[in-house]
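Subject: Structure handover

Hello,

Here is the structure for your files. My notes on what was found in it follow below.

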Amino acid sequence: MNFLRASKDAAIAVGIRSFFNSKYSRIGQMTDVSVDTSKRELRVRLELVGEDTPIDIRVSNYSVEQQGAGATLTIGDATASREWITEVLRESVVGRTFVLPERAAALVKFLA
């Protein structure tokens with residue numbers, strides 16, 4: 001069971017990184033992603049344009065709900081390696097529900 005979950009989590013991470021990098025390449029690259037669906041936790045490392053060092057972000061206690069062909073994602077908590085980014089995340093992301101585009105919803109449903 002753990003092997004299957006680890007394989008699923010790794011496949012989700014690859015999809016998230018690919019989706020992010022294709023959509024947001026103008027602002028930087030997501031160089032590392034780890035997903036733990038059993039703990040409902042994501043960790044990402046971003047190398048952003050204009051930043052000298054990578055930024056690490058941890059998202060926890062997320063929830064995913066399918067809605068037809070789409071899905072919503074609600075973020076329970078998020079922190080970053082930069083204090084000011086943690087504050088921005090708390091102000092604009094934590095506790096909010098986001099409607100995901102169908103393209104992303106196909107991948108995100110596996111986070112549940």
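Helices (H or I, at least four residues) and strands (E, at least two) are DSSP runs, numbered from the N terminus. This is a predicted model, in which local features need pLDDT of at least 70 and side-chain atom pairs count only at pLDDT 80 or more, while totals for chains, interfaces and linings use all residues. Residues are numbered from 1 along each chain as its sequence is written, and side-chain values use heavy atoms, with hydrogens and water left out.

Helix H1 covers residues 2-24 and holds both Phe 20 and Tyr 24, four residues apart, about one turn of the helix. These two form a tilted aromatic pair, 5.1 Å centre to centre with 40° between the planes. Rings of Phe, Tyr and Trp (its six-membered ring) pair if their centres lie within 6.5 Å; planes under 30 degrees apart count as stacked, over 60 as edge-to-face and the rest as tilted. A search of the whole structure finds one aromatic pair.

Phe 20 is buried, at 15% relative accessible area, and Tyr 24 is partly exposed, at 29%. Buried means under 20%, exposed over 50%, and partly exposed in between (1.4 Å probe, protein chains only).

The sheet is open and has four strands in the order E1-E2-E3-E6, with antiparallel pairing. Its edge strands are E1 (28-36) and E6 (77-80), each pairing on one side only. Two strands pair if DSSP finds at least two bridges between them. E1 and E2 (residues 41-48) pair over eight bridges in the antiparallel sense, and Gly 28 has Leu 48 in E2 as its bridge partner.

Regards
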